[in-house]
Every structure is written in structure tokens, then in C-alpha cells.
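Please study the sequence and the structure before reading each solution.

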Amino acid sequence: MLAADLAARKLGLRAGMPVAQAQALVPGLTVMDARPEADLAALERLALWLQQRIAPIVALDRPDGLVLDTTGADHLHGGETVMLRDIVRRLAASGVHARAVAAGTLGAAHAVARTTRDMAVVVPAGGLRDRIADLPVAALRLPENIVAGLDKLGLRRIGDLDHAPRAPLALRFGPEVALRLDQALGRVDEPILPVRPVDPVSAARAFAEPIAAAETIARAIGTLVPPLCSGLEARGLGVRRLDLLLHRVDRRAEAVRIATGRPVRDAERLARLLCEKIETIDPGFGIERMVLTATLTEPIETRQHVSALVEQEDADLSGLIDILANRVGMRALYRLAPVESDVPERSVTRVPALAPDLAPDAPSEWPGYGPRHWPHHWPRPIRLLPHPEPIGTMAMLPDHPPAFFVWRGVRRRVACADGPERVFGEWWQGDAELATVRDYFRVEDTSGARFWIYRAGDGEHGESGSQRWFLHGIFG
């Protein structure tokens, strides 16, 4: 048996068990023929999907793994931990259960991913050796016969193998044991051969002598971008994600990835974005080849420039947004858009900075986002707190605002108020919101500061809320 799903493993079945034994343990067991070619094809499609969305260098780790070199790209996704969790979440939404590990070497990441129970693990740079020391030697991608031979010698952990003399091991098992150990510990570089999308728009250049200076790399980028843009123009496309692979003389590859908010094929603009990443490149002993590939493209429509005699052209902020997004990450740059919800904290959502304003009845890829507006009959504060904060108050009647409130240790006397604005819970969100009520008030204290407070409940019925008061926002 080559593989077993979660339900089968809960019944005590495991990969490697004879099919006859499995059928004897579980009567009526469903057995399907293995299709290695189809599995490999699916793994390659998944690699291309991750290459478009996460990192430019993605390779196959057969038979059931993928290797991503996220150097220089993880900050675009909020850091390594956020990126790994997002990958696992996206795969789980597609029915693929995975474990994601970030480590300094391919071998260490492979070993931890095959032995950990955590869904997302980041191995610190200084703790790699200690992290894999207690893992079984089978996690080093060694053949079964070598693992069995090491087990007979009492070498069952990677730490035991690291402290064992190398000459006897090489004489008995060959050089593979030492090679895999050194690759996992980072003593020997292990090249990653990335998959490539089918028929991408790309440009490449090989150098007679390796280059390493930042100025030389910038000039080389300047010669690669124009032919790439010409290829994009011939297909009527603009680039949304651009990958630059720099192949070093020591067989390692450095990667630079930039992204744009809209399809672009402006050579000067793309070259500027790439050159800003040169400081992140480690040329090593020199770069002998550079490949520039448009990994994510979209159709781009040509439009006529607006004449100043007819109307004023809108300012194009896409260039500035692209510069900022490639510095701080695409997730860190966004704008707020209205969502169809009366509950204040649910009435906004984050959308990309350059996301278009939707026309009526237009579909949206962001849940709840559409051609809607915030209510005008009850003003909303310019600052909404991340979470409503409890306050101490005293109100005379259920439909009256409080006479004073205490927030963050400061007592504030209410000079005037307006309200209540009653907001009901959204019953479709859960049974707990069927009777939920909030009464919002706009209040102004004696110093002139204005606040947005509410009571959780209608002031009379306990099932409508806790009847406690909270401060939710601050007006300008």
C-alpha cells in the first residue's frame, strides 16, 4: 500500500502495509490503483500555482513535496510565519492537507516537514542543528537499505550520525550519508531546479565573465527589460509579477520578485523596481546568467491620453503604490472599502490599493465588497478602535445617554449627546445574534472631544446583550 488517507490511518492502516493485511483489518476497504504519473502532474500544477503566488523558485520534492526558495519574497506576504500559515490555509481550502516548514537548507526543511505535527514551522537560523539533531536518520532522504544498516549500528538519530566518524561510514555505505548530512546542515550547497510555466514571456542573458558589482547588475537588468516588454506587447499583455533569476557560478540561484498593482509593460518603470532590489542580491563569486520571466500577466488595454484642452487627466498613483508595495509588502498596502453590513466592525474590508470601484451588480473577488456606501443618516467616527473597549457609565433611562463615562482611567462628563442608533445583530451569522442589540450614542464631553459609545443590549432584556457599555470610536 503506497498511501492511506486520514480515515484509513485512524483505523490503524499505514503506507507500506500489504493490501491483503489492510483488507483483513478493515472489511470493505476501498482500494484504488496508484497513478504515479497523474500524481506527478498534479504536483507540477501545484508547483506552478505556488510559483505564481508565493515565490519565483519552486521545485519538486518527489514524490509528495515541494521546495520553495522564498528569499526576498517572504516580506511580500507578511513574513515567514504568516506566509506559511497562509499557504497551509489556501491548500486546505482546496482539499490538500499540508505541512509547511521554513529552514535555512532544503534538507533541514524536508526533514522537519516529514516529522513534525505542526502545520507551520519556522526553524531559526541559529537553531537549525539542534532542531534536527533528534530527528530520525530516515528524514535525511537516505535509501531504506542505508537507514536499516545505520539502525543496526545504533545510529538512529541525525545527531548520532553527526558525531560518528565519517571514514568508516563512507567505506561501508558510500558518500551519500555524509552528503545528505552536510546538505541538511548547510555545509554543502544543494541547487534547486525550479519548474517554469508553459511558454512564459522571458528574456535571458549569459555573461562571458561573471559579474558581481551592483552597477553591472543594474546595467544587465536594463538590457533585459526592453525585450521582455516587447514580448509582452506582441501578446497584448502587461506584467503583474516579474521574477529575476540570477544563476551564480557556484550553482546557486538568487531570486528577485516584484509585483505591480496593475498590468504594466513600461520598461523604465519595471527596471527601476528591479534595481531597487539589487541590495538584497548576494552575487557570491559572481553571476554567470540572468533570466527575467513574467510569471503573472494580464491583458492590458491601450487607451488614448486625455487632452488637457478637453478635460483634466486623473493622477496616476500606480507607480508610487508599486514602489511602496515592493518595499513593505503587498499586504501592508491597502485601502478600506464598504461592505454591506450594519455591524460597524464588519462594514469595511481591506482591498488592494488599486482595486477598482465596482459597478452595480458587478462580481467581486473580495467577500462583501461591492458598489455600496456607508450610511449617511448616522455619521461614523473617523477612527474605529480595533476592538470595543469597556467603559464605566451611569445612564438614567434605557433610551438616555450616560451622564458620564470612565475610559482608560479618565472620568469624562457628558455635555451633550445624540442617539440612540439601534443596530441589530445579523441573524445569519449565528444563533447568538438572533436577539443581539446595540444602542449607539454620539457623545461630547466638557472638553469638546466626541466619542462613539454603545450599550450591548436594549437596557431591559437580558437576552439582548450584557447591558455593559463600550467605547467603539472617536470623532475628529
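**Exercise 1.** With which residue does Glu426 form a salt bridge, and how far apart are the closest N and O atoms?

*Solution.* The model examined here is predicted.
Step 1: The partner of Glu426 is Arg346, and the closest N and O atoms are 2.9 Å apart.
Step 2: Glu426 belongs to the loop between strands S13 and S14, while Arg346 belongs to the loop between strands S9 and S10; this pair links distant parts of the chain, 80 residues apart.
Step 3: Residues under 20% relative accessible area count as buried. Glu426, at 5%, is therefore buried, whereas Arg346, at 30%, is partly exposed.

**Exercise 2.** Determine which parts of the chain the salt bridge between Arg380 and Glu421 ties together.

*Solution.* Step 1: The side chains of Arg380 and Glu421 meet at 2.9 Å, N to O.
Step 1: Arg380 is partly exposed, with a relative accessible area of 25%; Glu421 is buried, at 7%.

**Exercise 3.** Describe the barrel and the pairing of strands S15 and S16.

*Solution.* Step 1: The closed barrel has 6 strands in the order S11-S12-S13-S14-S15-S16, with antiparallel pairing.
Step 1: From one strand to the next, the twist averages 45°.
Step 2: S15 (residues 450-456) pairs with S16 (residues 469-474) in the antiparallel sense over 5 bridges. Within these strands, Ile453 stands opposite Leu471.

Terms used:
Residues are numbered from 1 along each chain as its sequence is written. This is a predicted model: local features need pLDDT of at least 70, side-chain atom pairs count only at pLDDT 80 or more; totals for chains, interfaces and linings use all residues. Side-chain values use heavy atoms; hydrogens and water are left out. Two strands pair if DSSP finds at least two bridges between them. Helices (H or I, at least four residues) and strands (E, at least two) are DSSP runs, numbered from the N terminus. Axes are lines fitted to C-alpha atoms, for helices over the stretch in contact, and angles run from 0 to 180 degrees between N-to-C directions. A salt bridge is a side-chain nitrogen of Lys or Arg within 4 Å of a carboxyl oxygen of Asp or Glu. Buried means under 20% relative accessible area, exposed over 50%, partly exposed in between (1.4 Å probe, protein chains only).
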